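Me: Please take me through this model one feature at a time, beginning with the backbone and ending with the ligand.

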Amino acid sequence: MTSSAGPSQSSAVQGRAALVTGGTSGIGLAIARRFQQDGLQVAVLDLDRPTARAVAAEHGLGFVGADLSRREDCRRAVTEAGELLGGLDVLVNNAGFQHIDPIADFPEDTWDAMLHVMLTAPFLLSKYAWPLLTRSGQGRIINVASIHGHVASPYKSAYISAKHGLIGLTRTAALEAGEQGLTVNAICPGYVRTPLVEGQIADQARTRGITAQEVEQKVMLEPAAIKRLLDPEDIAALASYVASPAAWGMTGAVLDLDLGWTAR
Ligand SMILES: NC(=O)c1ccc[n+]([C@@H]2O[C@H](COP(=O)([O-])OP(=O)(O)OC[C@H]3O[C@@H](n4cnc5c(N)ncnc54)[C@H](O)[C@@H]3O)[C@@H](O)[C@H]2O)c1
């Protein structure tokens, strides 16, 4: 695992600092860029690949290379982020991935990796970063869960188990952190147009023999009140508020931004 400072991290660090996991793609990248616009110093954590480094460099984001399925990487990532940013005020646990299979066929190693990346890593990063996050009295942990933190769908057992668990972790951490000015909240998006979802749309169009637009409207958005996919920037706008000092009184909240999906 290695770290590097993007252009905006090369000078003295001032103000609040944020680490966004899975921050070189989709929702994580949108949150990282929004935080930059809000005036925070931002580093993104992602798998250490040339493409991820290039995205971070292109946007002037600090980069921490880490595989969140490995405990030792989680520990080193917090140390490196703290050094890179000169502290840490906001931690966004966003990294994740999807695997679809019936339970009877679900690969055990994939289950282990998904639970580690989407549930154990948020716990470990929160634990290791706790002393940094509680230093200012305005710390924030934002966990990106999902509508699948509330409800289930078939064939997504590991994903749904991890996201349900992440909501439990959010509420527990919120109760423990309150006296230290550290808030802990979860954001639960419905379908957002990201590389992860574009891949799912293409797969379903192939397997069902229908167009991508039909998958969006008739399959993905069928339970939603608003029949339009969210954009990553929509999630970033909510994260921006939760990270702001104005949101000091919001903690343990599970914030749905889901097109009315879970209203019924
Ligand atoms: N896109 C949606 O519709 C949607 C809806 C609800 C929740 N979410 C959640 O939002 C989060 C981001 O999803 P996205 O759609 O932006 O996905 P994405 O695939 O665009 O980005 C996910 C990022 O996580 C990183 N990542 C995956 N495994 C990692 C590992 N082992 N170590 C470090 N980084 C790793 C990937 O490299 C990638 O940069 C996920 O937790 C996902 O479950 C997404």
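Reply: Let us start with Leu259, which lies in the segment after β8 (254–257); strands are DSSP runs of E with at least two residues, helices are runs of H or I with at least four, and both are numbered from the N terminus. The model is predicted, so local features need pLDDT of at least 70 and side-chain atom pairs pLDDT 80 or more, while totals for chains, interfaces and linings use all residues. Residues are numbered from 1 along each chain as its sequence is written, and side-chain values use heavy atoms, leaving out hydrogens and water.

Me: What phi does Leu259 have?

Reply: Most residues other than glycine have a negative phi. Leu259, although not a glycine, has a positive phi of about 65 degrees. Tyr155, in the loop between β6 (140–144) and α5, is likewise not a glycine and has a positive phi of about 75 degrees.

Me: Which residues come nearest to the ligand?

Reply: A residue is near if one of its heavy atoms lies within 4 Å. Of the 30 residues around the ligand, those that come nearest are Ser25, Asp46, Tyr159, Val192 and Thr194. Helices α1 (26–37), α5 (157–177) and α6 (195–208) each supply at least two residues of this shell, and α6 gives the largest share, three residues.

Me: Where does the ligand lie relative to the domains?

Reply: With bounds from an automatic or database domain assignment, domain 1 (3–192 + 231–256) and domain 2 (193–229) both give residues to the shell, so the ligand lies between them.
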